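Please read these notes alongside the structure shown below; they are set out as numbered points, from the overall layout to individual residues.

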Amino acid sequence: MEEKHYFLICAIILYVVVVYLFSRLGKSREIGPRRLFWLSLFLTPIIGIAFYLSSQELKMIHYTERKFKCERCGYVFSEDYPNCPFCEKEGVNQELKPVDQIMT
Ligand SMILES: [Zn+2]
């Protein structure tokens, strides 16, 4: 094999490795590692960096929902009642406390 070809193949392998390592950064971004890999491979990592930086950071997707909890009986309501309906039946006026429940 000619030395020139050998050098070229080494350069290509190095290039792919660099692009691959860089693309792994995309895991924490909206763009994702796979798309970042192909973008960087064909459009050079310089373009990849631009895409990476403009891509939003991936947020942990869990949202909270406003619920209302009775501290006496422990029941959680999705609606805000002036008093806990269950405790009211027992003749106790127990106010509900707003809580943020994490939904998965
Ligand atoms: Zn209650």
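1. The protein is divided into domain 1 (3-54) and domain 2 (63-103), with bounds that come from an automatic or database domain assignment. Taken over C-alpha atoms, the centres of domain 1 and domain 2 are separated by 53 Å.

2. This is a predicted model, in which local features need pLDDT of at least 70 and side-chain atom pairs count only at pLDDT 80 or more, while totals for chains, interfaces and linings use all residues. Residues are numbered from 1 along each chain as its sequence is written.

3. An open sheet is formed by 3 strands in the order β2-β1-β3, with antiparallel pairing. Because β2 (76-77) and β3 (96-103) stand at the edges with a single partner strand each, one side of each is left without a neighbour in the sheet. Strands here are DSSP runs of E with at least two residues, helices are runs of H or I with at least four, and both are numbered from the N terminus; two strands pair if DSSP finds at least two bridges between them.

4. Strand β1 (residues 63-70) pairs with β2 in the antiparallel sense over 2 bridges, and lysine 69 stands opposite valine 76 in β2.

5. Threonine 44, placed in helix α2 (residues 33-54), has a positive phi of about 65° although it is not a glycine. Threonine 44 is exposed, with 12 other C-beta atoms within 10 Å (exposed means 12 or fewer such atoms, buried 20 or more, and partly exposed in between, with C-beta atoms placed from the backbone).

6. Isoleucine 12 lies in helix α1 (residues 3-23) and is exposed, with 10 other C-beta atoms within 10 Å. The C-alpha atoms of isoleucine 12 and leucine 36, 24 residues apart along the chain, are separated by 18 Å.
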